[in-house]
Amino acid sequence: MEEPRPSLFDLDLEALPVPSPGQGYRRRQLAEWLYLHGARDLEAMTSLPAAWRRELADGYDLDPFALVRRFPSWDHSVRYLFTLRDGQRTEAVYMPYAGRKTVCVSSMVGCPAGCAFCATGALGFGRNLTRGEIVAQLLAVAWHEGFAPRELRNVVLMGMGEALLNYEAAIGAIRTWIHPHGLAMSPRRITLSTVGLPSRIRRLAEERLPLVLAVSLHAPDEETRRRIIPTAHAHALADIVASLHDWQALGGRRVTVEYTMLDGVNDRPAQAEALVRLLAGLRVHVNLIPFNPWPGSGFAATPRGAVRTFEEVLTRAGVSTSVRFSRGRDTGGACGQLALRDAGGAVADGVGHRAPRAAPSLT
Ligand code: SF4
């Protein structure tokens, strides 16, 4: 199995190499080939000197993926299964909403949070992705779908992994996406999803990036939440909510609360009322996510009528709420299901995903 080499996508735009001192304009040209034109190999960068291209090829990889598999869905979304250069696998989903191409990307192989309803959680933790592997998921989608990378409008860091536990790589990737010589995306169109790590949320607030922060609460009380997210005992709900107040006090935007609806677990009207009380005083939008069942999950989806009743309790209380139906159900459903299925349905059996490593602490 190949060991990963440094990728040009790992580098800050300002740290891209130049052939010799005083040739800063070559850095700009290289960035244009990477992020404006979406060149897939160095040979295609014909405005760069051939000798320098060979030098770059000796030192860096461009495409960090050994194999890319596409799984188009009837609803026009496309799931991507990436085999990385060390044989590990991760996923992304391309959603071609009219006029606003969106990609859901991963920050890890597997995930240490272990949410009980999530196929990625069942895979365990593989490893952190590098900055380049996160950045390049967008480039790979553009390459394979056949459009220029800057046509992408929205990114959601909501695939495999807890992005705030791979902090440097995730924030580095975001900095490449928003850099005017990178993908020149608006940070307002980037959503970072977290299971709720108070110290990391406060650190993120200090970055003063106008991102959309999405927090996966899934329950309004500790007991129910621990049933859904067994690792949730690391942080009290009150502390998570306090960190969201801090986020907004430092200029952070409205928070999106992710709430996966699980039949008989967290979907009663009384729980909707408790959620209203928990979120009082915060600017939030609640996304109710009907559960997308997968074999072995042990949960069932809340019936549509009960989802609507839950939604009504929230909206009557003045909480902005919507129901989000997931895309790509026929191609592997929610995140992690492709990798799980590709590994023969077994959990971390070494086929698609090596045995889990010691997971990073959620504290
Ligand atoms: S839902 Fe998100 S945080 Fe939870 S295990 Fe899955 S990928 Fe990790």
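Biologist: Is Glu258 buried or exposed?

Modeller: Glu258 is buried, at a relative accessible area of 3%. Buried means under 20% relative accessible area, exposed means over 50%, and partly exposed lies in between (1.4 Å probe, protein chains only).

Biologist: What kind of model is this?

Modeller: This is a predicted model, where local features need pLDDT of at least 70, side-chain atom pairs count only at pLDDT 80 or more, and totals for chains, interfaces and linings use all residues. Residues are numbered from 1 along each chain as its sequence is written, and side-chain values use heavy atoms, with hydrogens and water left out.

Biologist: Back to Glu258. Which residue does Glu258 form a salt bridge with?

Modeller: Arg324. Their closest N and O atoms are 3.1 Å apart. A salt bridge here is a side-chain nitrogen of Lys or Arg within 4 Å of a carboxyl oxygen of Asp or Glu.

Biologist: Why does Arg324 count as partly exposed?

Modeller: Because its relative accessibility is 30%.

Biologist: How many salt bridges are there?

Modeller: The count comes to 15. One of them joins Asp61 and Arg85, with the closest N and O atoms 3.7 Å apart. Asp61 is in the loop between α2 (50-59) and β1 (65-72). Arg85 is in the loop between β2 (78-84) and β3 (89-97). They are 24 residues apart.

Biologist: Are Asp61 and Arg85 buried or exposed?

Modeller: Both are buried.

Biologist: What about Arg175, which residue does its side chain meet in a salt bridge?

Modeller: Glu207, at 2.7 Å from N to O. Arg175 belongs to helix α5 (residues 167-178). Glu207 is in the loop between α6 (198-206) and β9 (212-216), 32 residues apart from Arg175. Arg175 is partly exposed at 35% relative accessible area. Glu207 is partly exposed too, at 24%.

Biologist: Which residues do shared partners join into one network?

Modeller: Asp86, Arg127 and Glu133, through salt bridges.

Biologist: New topic, rings. How many aromatic pairs does the structure hold?

Modeller: It holds 8 aromatic pairs. Rings of Phe, Tyr and Trp (its six-membered ring) pair if their centres lie within 6.5 Å; planes under 30 degrees apart count as stacked, over 60 as edge-to-face and the rest as tilted.

Biologist: What sort of pair do Phe65 and Phe82 form?

Modeller: A stacked one, 4.3 Å centre to centre, with 20 degrees between the planes. Phe65 lies in strand β1 and Phe82 in strand β2, so the pair ties together parts 17 residues apart in sequence. Phe65 is buried at 4% relative accessible area, and Phe82 is buried at 0%.

Biologist: And Phe117 with Phe291?

Modeller: Edge-to-face, at 6.5 Å centre to centre and 85 degrees between the planes. Phe117 and Phe291 are 174 residues apart, each in a loop. Both are buried.

Biologist: Which residues form one aromatic cluster?

Modeller: Phe9, Tyr35 and Trp143.

Biologist: Which ring does the charged end of Arg203 sit over?

Modeller: The ring of Tyr167, 3.8 Å from its centre. The rule needs NZ of Lys or CZ of Arg within 6 Å of the ring centre and within 35 degrees of the ring normal. Lys101 also lies over a ring face, that of Phe147, at 4.9 Å from the ring centre.

Conventions
Helix = DSSP H or I, 4+ residues; strand = E, 2+ residues; numbered from the N terminus.
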